Amino acid sequence: MTDARRPSRIEVFPTLDSTSLEARRRAGLGEAGPVWIVALKQTAGYGRRGSAWEQSEGDIAATLLFRPDAPRERLPELSFVAALALADAALRFAPRAPLTFKWPNDLLASGAKLAGLLLELVGEPPLVAIGAGVNVVSAPQGIAYPAARLIDFMAGAPPSPRAFVETLDETFAFRRRQWREDGFAPIRAEWLGRAHGMGRPIRLETPAGLAEGVFEDLDLSGALILNSNGERRVIAAGAVLPPSSWRP
């Protein structure tokens, strides 16, 4: 069922290997969405660069498959569009949560990872599959970045996965419309307003190795601009490491 605020179909499964893999399978069979694929349990969930994504019962694992109707070169901007939408949705349930964005696609609460996003292009011309994983009731241990859970910032009961995804669909529709009508500039500006580590030294793992410097800005494509001892570096891909990983 769809309406003006919630334009996508939502399908909830008791178990899937991965919502992102299911989106790929659907695309291969000709499905173009928009459809949210939600799993109450995943057996092979994954995040960026194939990293495992842990999910407990009550947490969110969902992927939106849709036709972007935008030039290929602009599609990476949708990671930032989705990040704003994810924060909007989380704030509906936890209005006082201290949320920030960790480049390129994580949502933090009090400096710990609350949620992650994964944008994948499927087929040609490409469909977009945006995966979202949200720690609602659990905070995984033993992972690279400290984890947070949404329930710790809420006054009431946690939302069901369907209820959260219904809200996320509304907020993503709003942010995507903003992006289509006003371009990337206001999305980028709002993301930077909540950027974790902005103006401070950070350390990143990139395809070319480790990079260190001061996080100065995003360029107009969403790449991170790093000041490394006076040298301006543009980082198009990588992961910001937690402060505990720093070594003298």
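How many salt bridges does a search of the whole structure find? I ran that search and it finds 19 salt bridges. I note here that the model is a predicted one.

**Entry 1: salt bridges**

I looked up some of the pairs one by one. E11 forms a salt bridge with R9, and the closest N and O atoms are 3.0 Å apart. I then checked how open R9 is to its surroundings. R9 is partly exposed, because its relative accessible area is 30%, and the buried class needs a value under 20%.

I also found that R9 and E11 belong to a network of salt bridges.

Next I took R149. Its partner in a salt bridge is D152, with 2.9 Å between the closest N and O atoms. R149 has a relative accessible area of 30%, so I put it down as partly exposed.

I wrote down one general point beside these pairs. Side chains of opposite charge can pair when their charged atoms come close.

**Entry 2: R188 and D217**

Which residue forms a salt bridge with D217? I found that R188 does, with the closest N and O atoms 3.0 Å apart. D217 lies in strand β9 (residues 209–218) and R188 in helix α4, so this pair ties together parts that are 29 residues apart in sequence. Helix α4 covers residues 185–193.

Is R188 buried or exposed? I get 17% relative accessibility for R188, so it counts as buried, the limit being under 20%. For D217 I get 24%, so D217 counts as partly exposed.

I then listed what else the R188 side chain reaches. It makes a polar contact with the side chain of D217 at 3.0 Å. The R188 side chain also reaches the backbone oxygen of D219, at 3.5 Å. Leaving out residues up to four places away in sequence, I count D217, L218, D219 and L220 as the residues that R188 touches.

**Entry 3: the cavity**

How many cavities of 30 Å³ or more does a search of the whole structure find? I found one. The space in the largest cavity is about 60 Å³.

I wrote down its lining, which consists of W36, L64, A82, A85, L86, L117, I130, A132, L168 and F172. I sorted these residues by type and got ten nonpolar, no polar and no charged.

Which element gives the most to this lining? I found that α2 does, with three residues. I also checked which elements supply at least two residues each, and these are α2 (78–93), β7 (127–134) and α3 (161–182).

**Entry 4: A44**

Where is A44 placed? I located A44 in the loop between β2 (35–39) and β3 (60–66). Its relative accessibility is 35%, so A44 counts as partly exposed.

I looked for contacts of A44 beyond its neighbours within four places in sequence, and found D17 and S18.

Notes
Residues are numbered from 1 along each chain as its sequence is written. This is a predicted model: local features need pLDDT of at least 70, side-chain atom pairs count only at pLDDT 80 or more; totals for chains, interfaces and linings use all residues. Side-chain values use heavy atoms; hydrogens and water are left out. On a 1 Å grid over the protein atoms alone, a cavity is a set of points where a 1.4 Å probe fits but cannot get out, and a pocket is an open set with protein on both sides within 12 Å along at least five of seven lines; lining residues have an atom within 4 Å of a point. Grid points are joined across faces, edges and corners, and a volume is the space filled by probe spheres set on the points. Helices (H or I, at least four residues) and strands (E, at least two) are DSSP runs, numbered from the N terminus. Ala, Val, Leu, Ile, Met, Phe, Trp, Tyr, Cys and Pro count as nonpolar, Asp, Glu, Lys and Arg as charged, and the others, Gly among them, as polar. Buried means under 20% relative accessible area, exposed over 50%, partly exposed in between (1.4 Å probe, protein chains only). A polar contact is a pair of N or O atoms within 3.5 Å; within protein, one must be able to donate a hydrogen and the other to accept it, and residues adjacent in sequence count only if both atoms are side-chain atoms. Contact means heavy atoms within 4.5 Å. A salt bridge is a side-chain nitrogen of Lys or Arg within 4 Å of a carboxyl oxygen of Asp or Glu.
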